[in-house]
Amino acid sequence: MTIPMLSATSLQRVLPSGRTKPCVFFCENKSGESNIEYVVKLKAGMENGVNGLAAELIASQLALVLDIPTPEPAIIELDPLIAEVIPDPDLSQKIKESAGLNFGSRVITGGFETWPVGKAIPSSLRTLAAEIFAFDALIQNPDRKVNKPNILWKGDELYIIDHEMSLMFIYEIMPMPNPWQITDLRFIKDHLFYGNLKGQTANLDRFAGALELLTDNVIETILTDVPEDWRSDNISKITTHINEIVHHSNDFVDEIRRALQ
Ligand SMILES: Nc1ncnc2c1ncn2[C@@H]1O[C@H](COP(=O)(O)OP(=O)(O)O)[C@@H](O)[C@H]1O
Ligand SMILES: [Mg+2]
């Protein structure tokens with residue numbers, strides 16, 4: 001996939017929810033089309049700096065390959081001059097410090113809301129919920145929980161968002177010689193969908209098949225799209241992690257099924 005690269009031209013609004021307070025900017029693309037709205041996660045707002053931006057970009061591309069709905073990602077260039085006309089001094093400072101490349105996602109419109117706390121999974125979304133649980137285990141994302149769903153939902157549709165905390169394995173907090181073995185990942189028990197899926201039969205057949213789409217070439221292309229400023233030697237850890245899981249996809253999916261038994 002070619003990641004669109006746009007320039008932010010004006011600040012539209014600051015989103016009321018979320019720790020990092022992402023901003024909606026009007027952006028202009030390379031063909032000169034303007035006023036395209038993107039949610040921009042600012043570099044200076046990221047707990048893990050550029051690793052957070054890289055995680056957002058990589059995870060959203062993996063999701064799209066696996067056909068798990070997520071807003072289209074983009075790379076948004078911010079001119080620090082924009083900060084000069086922002087009255088709020090904190091926001092102005094944050095924008096100034098975020099000069100350069102930031103992560104953007106196409107604004108989801110049309111009445112989507114945050115997945116409500118305590119909402120049961122409707123039967124139409126059960127398979128997708130199980131796939132999202134498996135996806136978060138794949139990318140080691142501990143940040144989709146009951147009180148922090150990071151899902152935009154409407155009826156039978158949803159989009160997963162906010163992957164800045166994913167790819168936890170790059171920090172090597174705990175050695176995981178076999179990345180497809182997920183039983184030791186404590187966070188999966190706090191996952192938004194764990195309680196609801198546990199004890200139910202999860203259909204992961206489509207997901208297991210889709211993992212085959214993550215060929216070495218596809219993974220390499222996804223990682224090549226990460227801008228130079230956001231790269232580090234973590235890239236090779238990410239390649240290894242995803243490759244290992246894809247090469248043991250049956251074992252991985254069995255582990256997910258076991259975790260949900
Ligand atoms: N692409 C998008 N379209 C619409 N709303 C979005 C989009 N991305 C984020 N949001 C809104 O912004 C909030 C914060 O975004 P999120 O990525 O979760 O940031 P944080 O890391 O601060 O939690 C979300 O809860 C959602 O309401
Ligand atoms: Mg969030």
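**A first look at the fold**

User: How much of the protein is buried?

Analyst: Buried residues make up 38% of the 261 residues, where buried means that 20 or more other C-beta atoms, placed from the backbone, lie within 10 Å of a residue's own. This is a predicted model, in which local features need pLDDT of at least 70, side-chain atom pairs count only at pLDDT 80 or more, and totals for chains, interfaces and linings use all residues. Residues are numbered from 1 along each chain as its sequence is written, while chains are lettered from A and ligands numbered from 1 in the order in which they are written.

User: And how many helices and strands?

Analyst: The protein has 8 helices and 8 strands, taken as DSSP runs numbered from the N terminus, with at least four residues (H or I) for a helix and at least two (E) for a strand.

User: Which strands form the barrel?

Analyst: The closed barrel has 5 strands in the order β1-β2-β3-β5-β4, with mixed pairing, and two strands pair if DSSP finds at least two bridges between them. Strand β1 (residues 5-14) and strand β4 (residues 73-78) run parallel and are joined by 3 bridges, and Leu 6 stands opposite Ile 76 in β4.

User: Switching to helices, what does α1 touch on α6?

Analyst: Ile 58, Gln 61, Leu 62 and Val 65 of α1 make the contact with Val 218, Ile 222 and Leu 223 of α6, contact meaning that C-beta atoms, placed from the backbone, lie within 7 Å.

Technical notes
Two residues are in contact if their C-beta atoms, placed from the backbone, lie within 7 Å. A residue is buried if 20 or more other C-beta atoms lie within 10 Å of its own, exposed if 12 or fewer, and partly exposed in between; C-beta atoms are placed from the backbone.
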